[in-house]
Amino acid sequence: MKKELESYALFVDAIDQGIAIRIDGDSNNDNNFVSFRDYNSSSAKGRIEGESYVNWLANPVNIARDVYIIAAGVADAVAIAIQAASTIEPVEAASVISFSAEVAYNLVQITLELVNMGVTYESGSGDYAEWLPKLNPDEKFVPGEIVGVINGQVTKYTTGADNLSCISFSPIILGNQPKAGTENIFEKVAFLGQVRVKVVGKVNNGDYIIPSGLNDGNGIAISPSMMTLDEYSKIVGRAWQSSDSEKLKYINTAIGFNNGQVIELIKAKEISSR
């Protein structure tokens, strides 16, 4: 046995398969297949548990999302109707497309969740992330900072970036593990889920979070009604909490759906039609 494995309480030396866990009956949240706990604590740090259709329906997050999809769909239809009937000034196309794309995305997500139901990985962590190489190996980052991804490399310089995201605090899933000893030239970049993002200025629940424009890792909040066409391409996520403080603070933000490419297509079409 290799020396680094000697500290493990259990080591399975297998060729084709590892460990199989059999639990008879329905697979639901009461079936904890694997639990992770502190030695001196009765509470679990995380667990792998069963998941049933009833569990999914009872989840407050899923209930809230279902209500949001219905509301967004109604708003979408109303916006299109107003645009068609307006004789003064049509509704901004970006708003209509943004609603349509987001509703479609959420419906696809729900379908995938129901099809793959069976096991849930539960943890206090809230996002899915990947290790990405730094554009500048000497650049320093802290969790919650807004970053740009340029040709697969991460930097706080967000101007002209291919994608916008933020540095993860504690991902539940972390992919693209770098080689041992090279972690210092990589960063954990969140791609989907809830992340606390550094924001300056007042924030209202539902505001869009975009970079400050100073390439400092901070964001600012913009009300959906005040968003310009250009700002849609800079969306990092959407605030899920409010704050009246003008100072720098962390705001719980839902990330993972960027309208940037859609908006760029709209802008290109507008330019070509002039």
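Which backbone nitrogen lies 3.0 Å from a polar atom of the side chain of threonine 155? The backbone nitrogen of tyrosine 157 does.

The model is predicted, so local features need pLDDT of at least 70 and side-chain atom pairs pLDDT 80 or more, while totals for chains, interfaces and linings use all residues. Residues are numbered from 1 along each chain as its sequence is written, and side-chain values use heavy atoms, without hydrogens and water.

View 1. Threonine 155 belongs to strand S6 (residues 153-155); strands are DSSP runs of E, at least two residues, numbered from the N terminus. Threonine 155 is buried, with a relative accessible area of 6% (buried means under 20%, 1.4 Å probe, protein chains only). Its side chain makes a polar contact with the side chain of glutamate 139 (3.2 Å); a polar contact is a pair of N or O atoms within 3.5 Å, one able to donate a hydrogen and the other to accept it, and residues adjacent in sequence count only if both atoms are side-chain atoms.

**View 2. Strand S10 between two partners.** S10 (residues 208-211) runs antiparallel to S11 (residues 219-222), joined by four bridges, and antiparallel to S12 (residues 237-239), joined by two bridges. Strands pair if DSSP finds at least two bridges between them. Isoleucine 209 has alanine 221 of S11 as its bridge partner, and tyrosine 208 has arginine 238 of S12.

**View 3. Residues lining the largest cavity.** Among the lining residues are Ile146, Lys156, Pro211 and Asn218. A cavity is a set of points on a 1 Å grid over the protein atoms alone where a 1.4 Å probe fits but cannot get out, and lining residues have an atom within 4 Å of a point.

Conventions. 1 Å grid on protein atoms, 1.4 Å probe; cavity = no way out; pocket = protein on both sides within 12 Å on 5 of 7 lines; lining within 4 Å. Buried < 20%, exposed > 50% of the residue type's maximum accessible area, 1.4 Å probe, protein only.
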